[in-house]
Amino acid sequence: MAESHAARHGDDKAGADRTAIGGTRAAGRRDRMDIKEKLTILAAAARYDVSCASSGSTRKGTADGIGNAASSGICHSWTSDGRCVSLLKILMTNVCIYDCKYCCSRSSNDVRRAAFEPEEIADLTISFYKRNYIEGLFLSSAVIASPNRTMELMAHALALLREKHKFNGYIHAKVIPNTDPALMAKVGFLADRVSCNIELPSNESLTALAPQKSKDAILGSMRWIHDGIRQGLDVYRPKGRQSLFVPAGQSTQMVVGATKDTDYQIVRLAESLYGKYRLRRVYYSAYIPASPKVSLAVRPPLVREHRLYQADWLLRFYRFSASEILSEKHPFLFEEIDPKTGWALRNIGRFPIEVNKAGYYDLLRVPGIGQVTAGRIMEARKHSTLAVEDLKRIGVVLKRARHFILCDGKYHGLGEPDPMRIYRLLAGDVRGGNPFAPTAQLELPAVSALVSLPMDELRSLVTGEL
Ligand code: SF4
């Protein structure tokens, strides 16, 4: 499952230790692995799971306990390789009975295996917390023996933390599909957030790359958790606690680029998950080829991942629908320009709009105007008519916005709004051809890496402003 931590990625042949496969205790004892070694292996295996951003938990501190998910705010710092440094982020075990082709913990991969005992996880979390290294725990796991056995071990570790150590800090736990509801309920009351990874956008892709998983089982678990949250599930509460069931909601993660699924399929699926199961977040994880033996995608589609996050932002905060962003005819996001600019260029007839008159949500559809700047425009124009210099001061990215707006009746773009010319200007595209033709979508995965993005794109990545 764990899916995805899925550590899609990477064969680690160093120190292959197959003797450890076969059980959590066996993995820990047969080679007398110490905690530090386990931590090295299981933190490394967990680092690819990006579904651990947290928010929304109101778990308070108690007089006889330690930690406080509410006041700590669980602000995360992300390292360059995607690790979240304020949580202890580990797998319970990387011993897996499944063989998902995109994952370095898959059963057929020749990697060193390890497994924590529940007591070790609880002790590590508490000792790291007391040293101020972490604010909480992100606990995922490969599937050891069976989904139920795995979830039993995870629930045991969380129960030790909450009940024995009185730990009130933030906990994000992975849910393994096909687990008994009673176990999901137990974990749901002990954790703040849970995530059940959807893994791949279509059932066909799951069948091809993760044959032991099924979309029905994954969606079934998500639905069960959603119903539990909505109905205020009350089947298991730790003694003496007033826990809510999954108070910080659920999230999921998709591996992108390992299969032929289009961005349109991915964005539509995300829209449906937000709508049906009220997910807090859908995370996208660029697939990095796992092994020379596995001939899947050849380059990590990092720019594609970035564009999907931008499209996701449009779904959640800008009132876009998936079918506005993409379609069967245009199934991939542009690599060179952000999804909102792509939409605006395909809908150039709706522009330019007058910034001194347009409504808030119309302003939000202008490339280069985000939520913050749209709010500032609405406020500033109460006092005076805005000129283009004012927009710059307010924070509008004029490089993009000027092609789609009138400012006090004046257009500051290229003569007439011409989508082809604007595209070429913004994308720095010199290849010719028509990027808007249905047959001429840009090839994916991307060639360039995130680091090559211009400054305003990077700012957009960090702030979410589009
Ligand atoms: S191989 Fe195991 S650990 Fe990896 S994604 Fe599949 S179930 Fe999870």
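**Helix packing and sheet arrangement in the predicted model**

The crossing of helices H10 and H11 is right-handed, a crossing being termed right-handed if the near helix is turned clockwise from the far one by less than a right angle, and left-handed if anticlockwise. The structure is a predicted model, in which local features need pLDDT of at least 70 and side-chain atom pairs count only at pLDDT 80 or more, whereas totals for chains, interfaces and linings use all residues. Residues are numbered from 1 along each chain as its sequence is written.

The axes of H10 (residues 263-277) and H11 (residues 302-317) come within 10 Å and cross at roughly 35°. Helices (H or I, at least four residues) and strands (E, at least two) are DSSP runs numbered from the N terminus; axes are lines fitted to C-alpha atoms, for helices over the stretch in contact, with angles taken from 0 to 180 degrees between N-to-C directions. H10 contributes Asp263, Ile266, Val267, Ala270, Glu271 and Tyr274 to the contact, and H11 contributes Leu308, Ala311, Asp312, Leu315 and Arg316 (contact: C-beta atoms, placed from the backbone, within 7 Å). These residues divide into seven nonpolar, no polar and four charged; Ala, Val, Leu, Ile, Met, Phe, Trp, Tyr, Cys and Pro count as nonpolar, Asp, Glu, Lys and Arg as charged, and the others, Gly among them, as polar.

The crossing of H7 and H9 is right-handed. Pro181, Met184, Ala185 and Gly188 of H7 meet Ser221, Trp224, Ile225 and Gly228 of H9, giving five nonpolar, three polar and no charged residues.

Six strands form an open sheet with parallel pairing, in the order E1-E2-E3-E4-E5-E6; strands pair if DSSP finds at least two bridges between them. Strands E1 (87-91) and E6 (281-286) stand at the edges, each with a single partner strand, so one side of each is left without a neighbour in the sheet. The twist averages 20° from one strand to the next. E1 is joined to E2 (residues 136-140) by five bridges, and the two run parallel; Leu91 has Ser140 of E2 as its bridge partner.

The mean pLDDT of the protein is 80, and 73% of its residues reach 70 or more, pLDDT being the predictor's confidence in each residue, from 0 to 100. Over residues 70-75 the pLDDT is below 50, and this stretch has 15 contacts in the model beyond near neighbours in sequence.

Terms used:
Two residues are in contact if their C-beta atoms, placed from the backbone, lie within 7 Å.
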